[in-house]
Amino acid sequence: MKDRDSRMNGLGRFFGVGVGPGDPELLTLKALRVLQESPVICMPKKGEHSRSYALSIVSSYLDPARQELLELVFPMKRDLDLLPTYWRAATDEIIVRLRAGRDVAFITEGDPLLFGTFIYVYDLLRQAEPSVAIEIVPGVSSVNASAASALLPLATTSDRLAIVPASYALEELSDILQRFDTVVLLKVNDVFDRVLDILESLSLTDRAVYVRRCTSPQEEIVRDVRTLRGQKLDYLSQVIVRK
Ligand SMILES: C[S@@+](CC[C@H](N)C(=O)[O-])C[C@H]1O[C@@H](n2cnc3c(N)ncnc32)[C@H](O)[C@@H]1O
């Protein structure tokens, strides 16, 4: 297997491990093996005092007596001057451990290559240590899992599917909603009322389903999205619009 044989230069191996959207049963067998074999498990969290959602998904499979649980702070900000400082600090912490010959598994909710902080660390790490062996273990993304929870097909035959970070795409959203058959809106919580305005203007409100914390015990599915206007919504929520 590639990840067993790829150790080089005495460096530990770096794994990006998707742990799925919430239900631990949606971990892949490979993710489980890599997590249990890695001496260092690192995880993103929003602030010093917050808890990593990814860790909550896998914590029962880890052994803190044997494994180092390294929490890395990535603030939920858009400040592109500030954020690279955190990405670099996190990458430095990881490199110290890889240079000591220890494998490091970086866990992310959902899939690591879909809108994750993992991607910034991965890029910096490859620049700083080009010879480090890296493997990505894909995870069940919240897009797939939310569609499953909502019992909504994402696409058939010739359908076009768009996955859009709503808070970055309000200007183009009306256009996107008209051009695609299914639109999945991530990062929707802070802009939900404006999204609702756009859906109403296109008579698409009845085609939208809101999904919060899919597959976790806190999962919530709302089919009449108008009832959510004015509410404070969870960051881990999305809207699927299926025409
Ligand atoms: C930074 S992206 C991470 C996506 C993740 N890597 C994935 O593959 O699902 C965060 C956004 O994904 C969506 N999300 C992540 N987990 C979710 C969940 N369990 N239920 C619903 N939406 C979720 C939300 O829209 C959230 O704002």
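The protein chain is assigned two domains, domain 1 (2-137) and domain 2 (142-242), in what is a predicted model. Their C-alpha centres lie 28 Å apart. Both domains give residues to the shell around the ligand, so the ligand lies between them.

**How the domains meet**

- Contact between the two domains involves seven residues of domain 1 and nine residues of domain 2.
- On the side of domain 1 that touches domain 2, four residues are nonpolar, two are polar and one is charged.

**Around the ligand**

- The ligand is surrounded by 23 residues.
- Gly 110, Phe 115, Ser 141, Ser 142 and Leu 186 are the closest of these.
- By class, the shell around the ligand holds 10 nonpolar, nine polar and four charged residues.
- Two elements, helix H6 (142-150) and strand E10 (237-242), each supply at least two residues of this shell.
- H6 gives the largest share, with three residues.

**Helices H4 and H5**

- Helix H4 covers residues 83-99 and helix H5 covers residues 118-128; the two pack with their axes 9 Å apart, at an angle of about 60°.
- H4 and H5 are therefore oblique to each other, and their crossing is right-handed.
- From H4, the residues that meet H5 are Trp 87, Arg 88, Ala 90, Thr 91, Ile 94 and Ile 95.
- Their partners in H5 are Tyr 120, Val 121, Leu 124, Leu 125 and Ala 128.
- The contact of H4 with H5 is made up of nine nonpolar residues, one polar and one charged.

**Helices H7 and H8**

- Helix H7 (residues 170-179) and helix H8 (residues 192-201) cross at roughly 35°, and their axes come within 10 Å.
- The crossing of H7 and H8 is right-handed.
- On the H7 side, Leu 170, Leu 173, Ser 174 and Leu 177 take part, and they meet Arg 194, Val 195 and Ile 198 in H8.
- Sorted by class, the contact of H7 with H8 has five nonpolar residues, one polar and one charged.

Methods. Residues numbered from 1 in each chain as written. Predicted model: local features only at pLDDT ≥ 70, side-chain atom pairs only at ≥ 80, totals over all residues. Near = placed C-beta within 6 Å. Helix = DSSP H or I, 4+ residues; strand = E, 2+ residues; numbered from the N terminus. Nonpolar A, V, L, I, M, F, W, Y, C, P; charged D, E, K, R; others polar. Domains from an automatic or database assignment. Axes fitted to C-alpha atoms, helices over the stretch in contact; angles between N-to-C directions. Parallel < 35°, antiparallel > 145°, perpendicular 65-115°, else oblique. Left-handed = near helix turned anticlockwise from the far one by under 90°.
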